Structures are given as structure tokens and as C-alpha cells.
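Hi,

Here is the structure I promised to pass on. Have a look, and my notes follow below.

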Amino acid sequence: GTLPYMACELLRMPRPRATARALAAVDVCALGRIIVVASTGREPWEGADEAVVRYNVQGGELPPGLFDDAGDTIPLGMERPDLRRALGAVVRRCCDEDWRRRPPAGDVVGDLEALAALLPTGGEEKG
């Protein structure tokens, strides 16, 4: 995988046994990082040295600058705090340091569909 999108357990020893659930959890972690990039337009640890990225990924850290002081994501054009909090919660669950606590991909899709339903198709938020 590409380092900034890797799950922390892939860089730790011992690695979890490669069960279907563990492999799916790795993909869900990558999906969480992709959600952040898609919503903010910023790559994880953009411009950081590979050693810094590896250290942060291994430590289960989320990319800096993608959350505000309250821990909410800061998506492009999204001003409503309730939507930022909800999106931040989805990302945190996807990228949980413990792969066993990550949701199944179908649950993530459901969460994103519920958030999308709150936004009009023209890109403006419903108030």
C-alpha cells in the first residue's frame, strides 16, 4: 500500500492474522483517509518526510491540519459544524487504532449516504 493510506497495524509487529475481517479493516482505514482527502483537498502528511509519515501512521495518528481544534474535519465549503462533526466521527471510526473497532465498509457507506442526504445536489448545504 501507499504509506500515508496504510493502516497502523501493517507497520507494527506482530501483525494481525490475515483474516477476511482484518484485511477488510485495513481497507476501511484507507477509506477513512481517502474521505479526508476528498473532503479537504489535502494529502495526508503532505510534504512530510517519509520517516515522519511512517512514525505517525504506525502510531495511529490522523493527518495534521485536517481537523480543527475541536477535532472536527474541515471539508472544503462545509460550514455546518454538525456535518463536520459527523464526518469527523466517520473518519475516526474508519481509522481507529484498533482494527477490531473499525466499522464494516457497508456501515461507512451508510453513514456517508446519510450525510450526503443533508446536502442539496447543487453543493450548497441544507440549513
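Aspartate 111 is partly exposed, with 26% relative accessible area (buried means under 20%, exposed over 50%, and partly exposed in between, using a 1.4 Å probe and protein chains only). Before I go on: this is a predicted model, so local features need pLDDT of at least 70 and side-chain atom pairs count only at pLDDT 80 or more, while totals for chains, interfaces and linings use all residues. Residues are numbered from 1 along each chain as its sequence is written, and side-chain values use heavy atoms, with hydrogens and water left out.

Back to aspartate 111: its partner in a salt bridge is arginine 93, with the closest N and O atoms 2.6 Å apart (a salt bridge being a side-chain nitrogen of Lys or Arg within 4 Å of a carboxyl oxygen of Asp or Glu). Since aspartate 111 sits in helix H4 and arginine 93 in helix H3, the pair ties together parts that are 18 residues apart in sequence. Helices here are DSSP runs of H or I with at least four residues, numbered from the N terminus. Arginine 93 is partly exposed too, at 34% relative accessible area. The count of salt bridges comes to 7.

Now for the loop between H3 and H4, which is where you'll find aspartate 98. At 17% relative accessibility, aspartate 98 counts as buried.

On to H3 itself. This helix covers residues 81-94, and at 1.5 Å a residue its 14 residues should span 20 Å; the end C-alpha atoms are 20 Å apart, which agrees (the expected span is 1.5 Å times one less than the number of residues). Its buried residues are Leu83, Arg84, Leu87, Gly88, Val90, Val91 and Cys94. Looking down the axis of H3, these fall within an arc of 160 degrees, so they line one face of the helix (the arc is taken from the directions from the helix axis to the C-beta atoms). What covers them includes H1 and helix H4, residues 105-116, where contact means heavy atoms within 4.5 Å.

After H1 comes glycine 41, with a positive phi near 80 degrees.

Last, the cysteines. How many disulfides are there? The count comes to 0, a disulfide being a pair of cysteine sulfur atoms within 2.5 Å. For cysteine 8, the closest cysteine sulfur belongs to cysteine 29 and is 6.3 Å away, too far for a bond. Cysteine 29 is in no disulfide either; its nearest cysteine sulfur is that of cysteine 95, 4.2 Å away. Cysteine 8 is buried at 2% relative accessibility, and cysteine 29 is buried at 1%.

Cheers

How values were computed: Helices (H or I, at least four residues) and strands (E, at least two) are DSSP runs, numbered from the N terminus.
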